[in-house]
Amino acid sequence: EDDMIRHKARALVVAVVVVLLATLGHAQTSIAAAEAKNHVGERATVCGEVASTHYATTSRGKPTFINLDKPYPNQIFTILIWGSDRPKFGDPEQKYSGKQVCATGTITVFRDVPEIVAHDPAAIKLQ
């Protein structure tokens, strides 16, 4: 009976390790901008082509919007850089416009559009 308990315990540990590895691996997987809506609340890497950018200098928080795959107002995913973080990025409109990029962070939703807030340039990688 002790062998049976040990065997079940070992099987449980193996199962937990497999699930943890699968979860960690999933966090590193990149997803297309169009898929981001299915991963709200998850930390992920979202990739696509920068279709439009906008630095809203007169809006509260002075946000910079980097829209992937489709331009505003039909954007399907947005990378948001708040004005307070913008100096770290230099000129993000120039740097990312028309490029293939991946952004890593927690996917949230604003006005039905999934987004990742990038606080640091390391969160956005050029492809």
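A nonpolar core is a set of buried Ala, Val, Leu, Ile, Met, Phe, Trp, Tyr and Cys residues joined through side-chain atoms within 4.5 Å, where buried means under 20% relative accessible area, exposed over 50% and partly exposed in between (1.4 Å probe, protein chains only). We're working on a predicted model, with local features needing pLDDT of at least 70, side-chain atom pairs counting only at pLDDT 80 or more, and totals for chains, interfaces and linings using all residues. Residues are numbered from 1 along each chain as its sequence is written, and side-chain values use heavy atoms, leaving out hydrogens and water.

**Exercise 1. Find which residues touch the most other members of the largest nonpolar core, and which elements supply it.**

Step 1: The core has 20 residues, and Val46, Ile66, Leu68, Phe77, Ile79 and Ile124 touch the most other members.

Step 2: Two or more residues come from each of β2 (43–55), β3, β4 (77–81) and β5 (100–106). Strands here are DSSP runs of E, at least two residues long, and helices are runs of H or I of at least four, numbered from the N terminus.

Step 3: Pick out Ile124 and list its contacts (heavy atoms within 4.5 Å). Leaving aside residues up to four places away in sequence, they include Ile66, Ile79, Phe89 and Val101.

Step 4: A bit of background: in soluble globular proteins, nonpolar side chains tend to be buried together.

**Exercise 2. Work out what surrounds threonine 64.**

Step 1: Check its cover. Threonine 64 counts as buried because its relative accessibility is 0%.

Step 2: Look across to isoleucine 81, 17 residues along the chain; the two C-alpha atoms are separated by 5.0 Å.

Step 3: Carry on from arginine 86: its charged end sits over the ring of tyrosine 55, 3.5 Å from the centre. That label needs NZ of Lys or CZ of Arg within 6 Å of the ring centre and within 35 degrees of the ring normal.

**Exercise 3. Is lysine 62 buried or partly exposed, and what is its phi?**

Step 1: Lysine 62 is in the loop between β2 and β3.

Step 2: Its relative accessibility is 42%, so lysine 62 counts as partly exposed.

Step 3: Phi of lysine 62 is near 45°, which is positive in a residue other than glycine.
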